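Keep the viewer open as you read.

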Amino acid sequence: MKPNDVYDILIIGGGPAGLTAGLYAARSRLKALLVERMGFGGQLLTYEQVDNYPGFPEGISAFGLSELISAQALRFGLATRSGEVVGLEVTEPVKTVHLVDGDLYARTVIIAAGASPNKLGVKGEVELTGRGVSYCAVCDAPFYRDQDVAVVGGGDTAIEEALYLTKFAQHVYVIHRRDRLRATQVIQERASQNEKISFVLETVVTEIRGDDQGVVGLDLRGTRSGEASQLAVSGAFVFVGIQPNTGFLPPEILCNKAGFVVTDQEMAASVPGIFAAGDVRAKELRQIVTAVGDGATAAFNAGRYIESQL
Ligand code: NAP
């Protein structure tokens with residue numbers, strides 16, 4: 001490793017948090033590199049419309065917003081490369097980031113690797129994924145034109161995706177394990193006013209049934225009544241929360257019980273020079289607006305850390 005091969009800041013993940021960290025780092029003229037395994041935008045790319053990001057009174061398409069954020073970061077000269085991070089060594093003063101196809105070196109690392117959808121863990125789910133079981137309405141909803149589908153979950157993602165599905169499906173059943181939804185009130189109201197959506201509350205899915213063509217129905221059980229029932233649907237969209245993409249982190253980096261990276265207010269993780277931002281971080285509110293705030297804070301404090309080491 002030559003001194004020129006060492007980045008000031010290496011950002012893992014190209015969602016809103018990573019791109020904003022990159023924007024701040026590039027604007028500060030730090031030598032930064034952002035590594036992304038797929039396309040820029042992260043989980044944003046699995047949504048259709050963003051209604052709660054300030055500055056867009058009519059809302060903005062999720063894809064459009066991710067394009068704007070990445071264009072802004074690139075305008076300041078942020079270097080990027082595609083690649084999958086598979087390991088991280090937190091040695092001093094230079095950290096080593098292992099990619100599938102080689103190693104990269106940096107004084108600081110910002111973990112902005114985001115999160116992935118949880119699985120339900122019921123019979124049929126794995127076998128029927130891609131044949132009726134989906135974790136992304138924006139990607140798959142057009143396949144279900146005029147058909148009946150189910151959404152599993154009661155959070156913001158489940159209800160927003162149910163609303164999106166009504167553009168294509170004949171009817172959308174929202175199956176939720178409790179008697180009330182977790183989603184934000186305004187989103188709930190929009191869903192209750194939509195005639196194409198019905199709520200199946202206090203109910204869990206016990207099996208997703210299918211044939212050669214794909215999903216044919218769900219086996220359900222009432223959580224209070226214990227009663228078993230069946231629902232005929234040709235699609236099952238599962239939105240039961242997220243898990244952080246932290247499989248590549250070493251044990252020195254402290255995570256909470258659910259696996260999210262623990263940081264202080266400066267976005268500093270438990271190891272000096274390591275920062276985390278966005279959905280991968282242990283925090284209360286996971287929104288685009290909090291992700292970009294995390295990204296800016298992480299890049300600012302990574303810069304400070306580098307200065308303190310000179
Ligand atoms: P979430 O808020 O954690 O909601 C997950 C939902 O799945 C909950 O209703 C939960 O039920 C249910 N659930 C979890 N495990 C289950 C299981 N095994 N079986 C059946 N149901 C299960 O996750 P999310 O909706 O993906 O949202 C993640 C974060 O992103 C949240 O902070 C959310 O606010 C944010 N987000 C915001 C927006 C927006 O502001 N527009 C859009 C999307 C996401 P319980 O309610 O009973 O726990």
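Glutamate 202 sits in the loop between β13 and β14 (203-211); helices (H or I, at least four residues) and strands (E, at least two) are DSSP runs, numbered from the N terminus. Glutamate 202 has a positive phi of about 50° even though it isn't a glycine. At 24% relative accessibility, this glutamate counts as partly exposed, where buried means under 20% relative accessible area, exposed over 50%, and partly exposed in between (1.4 Å probe, protein chains only).

A note on the source: this is a predicted model, where local features need pLDDT of at least 70, side-chain atom pairs count only at pLDDT 80 or more, and totals for chains, interfaces and linings use all residues. Residues are numbered from 1 along each chain as its sequence is written, and side-chain values use heavy atoms, with hydrogens and water left out.

Methionine 267 also has a positive phi, of about 75°, without being a glycine. Methionine 267 lies in the loop between β18 and β19, and is buried with a relative accessible area of 6%. For context, most residues other than glycine have a negative phi, and most peptide bonds are trans. The bond from glutamate 92 to proline 93 is cis, with omega near -5°; proline 93 is placed in the loop between β6 (85-89) and β7 (95-99).

Here are some loop residues with their accessibility:

| Residue | Relative accessible area | State |
|---|---|---|
| Alanine 183 | 5% | buried |
| Proline 272 | 47% | partly exposed |

Proline 272 is in the loop between β18 (242-244) and β19 (274-276). Leaving out neighbours within four places in sequence, proline 272 is in contact (heavy atoms within 4.5 Å) with Glu92, Lys95 and Tyr305. Alanine 183, in the loop between β12 (171-175) and α5, touches Gly154, Gly155, Asp156, Ile159 and Gln188 on the same exclusion of residues up to four places away.

Gln188 belongs to helix α5 (residues 185-192), where Ile187, Gln188 and Ala191 are buried.

Now the cores. A nonpolar core is a set of buried Ala, Val, Leu, Ile, Met, Phe, Trp, Tyr and Cys residues joined through side-chain atoms within 4.5 Å. The largest has 33 residues, and those with the most contacts inside it include Ile9, Val50 and Phe275. Helix α6 gives the most to this core, with eight residues. Apart from it lies another core of 24 residues, among them Val97, Leu99, Val109 and Val271.

How is the protein divided into domains? Domain 1 covers 3-116 + 242-308 and domain 2 covers 119-238, with bounds from an automatic or database domain assignment. Their centres, taken over C-alpha atoms, are 32 Å apart. The two domains bury about 580 Å² between them, 44% of it on carbon and sulfur atoms; buried area is the accessible area (1.4 Å probe) that two parts lose on being put together, summed over both. Thr46, Tyr47 and Glu48 supply 73% of the area that domain 1 buries against domain 2. Two salt bridges (a side-chain nitrogen of Lys or Arg within 4 Å of a carboxyl oxygen of Asp or Glu) are found across this interface.
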